[in-house]
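Please read the points alongside the model.

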Amino acid sequence: MVRVRSGEHTDYSRLVFDWDKKVPYTLAREGANLVITFKDPESLDLSEVSTGKLAAINALGLLSGGTGETRLSVTTAPDAPYKDFYLGTKIVLDILKSASPPAKEPPAKVKPEPEPKKAEQKQKEPERKAPPRSAPEKTPDSHSHTHLHPHPHPHAEKHVHNADHDAALAALSSDLKEPHVVSVSATQAGGLAVFLRGGYMWLVSDKADLPVPPQIGGPSPKLFGEIRELEIDGGKAYRLKIPQGGHVYGEGGGLVWRAVVSPSSRGREPSRFERRVTVDDVRGGAVSIHMPGAREVLELQDTLYGDRVYIITVTDSSDLGGMARDFVDMEILESPIGLAVRPKTDDLSLRIEGENVVITRPEGLAISKAADKAERALGGPSRKFASDRHDHDHTSENEGHLFHFKEWQLGGPERMEENRRVLMSSLGLKNEQAQIEDTLILGKMYLAAGWGAEALGYLRVAAQKLPDIERSPEYMALYGVASAVAGKNEQALKYLITPALDDYSEIGYWRSAVLGRLGDWQQAAKYLPDSVYMLTEYPPEIRTDLALILAEVALRAARPVKAEGLLRLVSKSLKGLKPHQKAELDYLDGQVARQNGETEKALRLWKPLADGEDPLFRAKAGLAMTRLMKEDGTLNHREAIDRLEALRYVWRGDELETQINYRLGEMYLEDGQYAKGLTIMREAAALSPETELGKMIASKMTDTYVDLFLSDQYEHVSPLDALTVYEEFKELTPPGSEADEIVAALAEKMAENNLLGRAADLLKYQTEHRLSGLERQRTLVRLSAIYLLDGQDVSALEAIDDALKSAPKPTPEKRKEMLLLKARTLSGIDRTDEALDLLNAMDLDPRVNRLRADLAWHAENWQEAADALQDLLFDESISRIRPLKPEQAQLILNRAVALNLAQDRVGLANIRERYGALMEGTEKARLFEVVTRPRQAAVLSDRKTIEALTAEVDMFGEFLENYRNKDPLTGE
């Protein structure tokens, strides 16, 4: 269950969803309801959320979700702006307080908001958040459901746009009537930058030890709200709200800086801005800004937007970026002092060169592009790259085809060789431009025939003759698809994920297919278009394999209807299918049947494959049949294991082998064979270490390992199995306190089963290397007791002395417990007198008396033993009118033996008179009569009986035995 927390802030109400993993989600608004859909079926725990204390949230309601989803409705004011972002694995939703009160209707079951039409997207372009710093395939921290590139997917969920966000924040503040000054001062000069974003002003210093935060001077400082501080590498940042109508400009420098917020504008000339562009190049551009006082390049994470911003601090306020500018690869934020840049790519770089700040990328910025000859070679007009916001018109989605495969076939595969000969023979008679065009025609022809490797060859030749063409979106699309057809999926992905292709829905087929072949099924499902219309116009040479992989993507996303439609496209060309394509079609048809609940049909389709000669589909169908038959009870657990064991060797080397091993490992774990199950799972994870499946298996192994030791099932695990799993899979031990709990649990298991040496070794390592404070003290006492049980008295004494000296100081009761153990260890190394002195200094209680009796007995100090036993009998409060308990009878007998050996005739007579009648009704009656009879009646056999009794007595053994199964300081 996922914990949901809430918080009330000055400007917004916050919900935090405490996921322990990165879970994709979407947001949609319908009237007063925001519907958040998590792509995970985990339940939400709303017990900690009190909507009555949240100003901007009126109600919460759990909605029924689709397969593998969890949905929550949040009722707000209809016009309430919101923002959402990842914070590690957590998801944060902030509802900004609006002038309108929250809606009063309860949350209803709402449908997700339909995707906006393309014309609407053109008017309201979603804010593009900054890219993650990790490799493209890693999940970004910013709220973007496109994990593959820094540019949000065209169908990503809606966000608060810049203009709406600014307006919402401005509405929170009263009008600014008079100028105010935000000042930053220090005794040591440093650099500063100030930039504006979303109704907030950021002040960024390159001095991490800045002692005094910014101070607000003016008649109404409360208009600025709370100043928030953020630690950043190499400096410190502060954020505060800009009152409505406020204009910001900078003054000062060095030791004293001022950001003046005034109701009237006072424009300052920004630093000289220069574009550098290589002529006739798609990229190669750079931006240079003249800033003689540029000092440091810093980076901060904007917690409001969830993206990162690069900062240039300066030594004087005359250096400023000025107004905001928007480019294809970056956005320069409004900067009254210094410079702030929001990157839109992973590889944007800022550096200080002399008196200039240079912004570029390894291949150059896309800040200008002519209608170059590369576009003409591809037979279409170029799509202009943007220079800045004022001359950039966001292109709407291109609904037409990028790939005209039927036209490119030039009459069909049977004419391919003739076409190649004609084109090649005429190349030498044409100019360079025409040669490039014909080379591209040849590449397209081979691609349309399904010959990906040959197509790549011709495309590379064209790029060698005209390098500029490689930067054309159409060429990148063509090269990416050719790579996919050739089976070069990593290479294909590199070209297909370029943001320049985002506007083409047709690219979604190929992105989805390539991601599926790479095993990233979750991402693949996100790119799968809703419509398969374009595929109907693809020739079978291209359509068949593409539709098959897309059908598998749909099935893994639990969309059988979509998969069925794709498989019908394959069935249209049934006679032309190759054997492996026909096998894949039958296998996927079986998966559709399974998801539709048609078990018999699925098994009927899979059985010929499982018995067939194709090893791939023998393994796939065999695995699917085993799982299905196990679920419906046709196979028992042992039979399922046997089937999977046989499948392990049918197919090797890819995700399928991983899946088989994973399922087999799961079954061994269910069978209680933990070491074997984890061993097979380890092999499975090693086969696919960087895939989502591999990571899931690794997580499953860790959870299983922890649960084995720290859950209720541990009591059913044999000590040998527990020790084997611990020794063989130590790498699964989690960090921190859980690791200590596991070792403690294992040590207890060893002690309970008389493997005392192993238990002591485990606990000794903990006390020497991991534990401190109270936990170390407790473990030392436990270790001392186990050493005693194992007969290692010297080691026991060392451990208990260490515990007595270590912090924290024990309570009187705990100290007494520890001293009892010490007395026992002293007696074990023939220091009985010291032990008895220690005991005699304590307040007497049954434990002390029992140990006194035991030590005196084994030291053959019979009078001392008799006295201690008398105290024990007193503790028992024996009544002459109640029958004796067995343990009470044993105590009376023991004291009688001690008195006998001490030759205390008076004491012996007294005990015989006092307890004789009570002892007659016990099993000890005969022995008691022998031990207590008068001397003159004693015979040799009586003496032997008494000697035998002394050898059997171990009064402290029961006390010590208790340490085998409990913590000595807690009694648990």
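Is Ser877 buried or exposed? With a relative accessible area of 51%, Ser877 is exposed (buried means under 20% relative accessible area, exposed over 50%, partly exposed in between; 1.4 Å probe, protein chains only).

1. The model is predicted: local features need pLDDT of at least 70, side-chain atom pairs count only at pLDDT 80 or more, and totals for chains, interfaces and linings use all residues. Residues are numbered from 1 along each chain as its sequence is written, and side-chain values use heavy atoms, with hydrogens and water left out.

2. Ser877 is not a glycine, yet has a positive phi of about 50 degrees. Ser877 belongs to the loop between helix H29 (862-876) and helix H30 (886-901) (helices, H or I, of at least four residues, and strands, E, of at least two, are DSSP runs numbered from the N terminus).

3. Asp830, also not a glycine, has a positive phi of about 60 degrees. This residue is in the loop between H26 and helix H27 (832-840), and is exposed at a relative accessible area of 71%.

4. The whole structure holds 21 aromatic pairs (rings of Phe, Tyr and Trp, the last by its six-membered ring, with centres within 6.5 Å; planes under 30 degrees apart are stacked, over 60 edge-to-face, the rest tilted). Phe403 and Trp408 are edge-to-face because their planes stand at 85 degrees, with ring centres 6.4 Å apart. Both residues are buried.

5. The peptide bond from Ala807 to Pro808 is cis, with omega near 0 degrees. Pro808 lies in the loop between helix H25 (793-805) and helix H26 (812-828).
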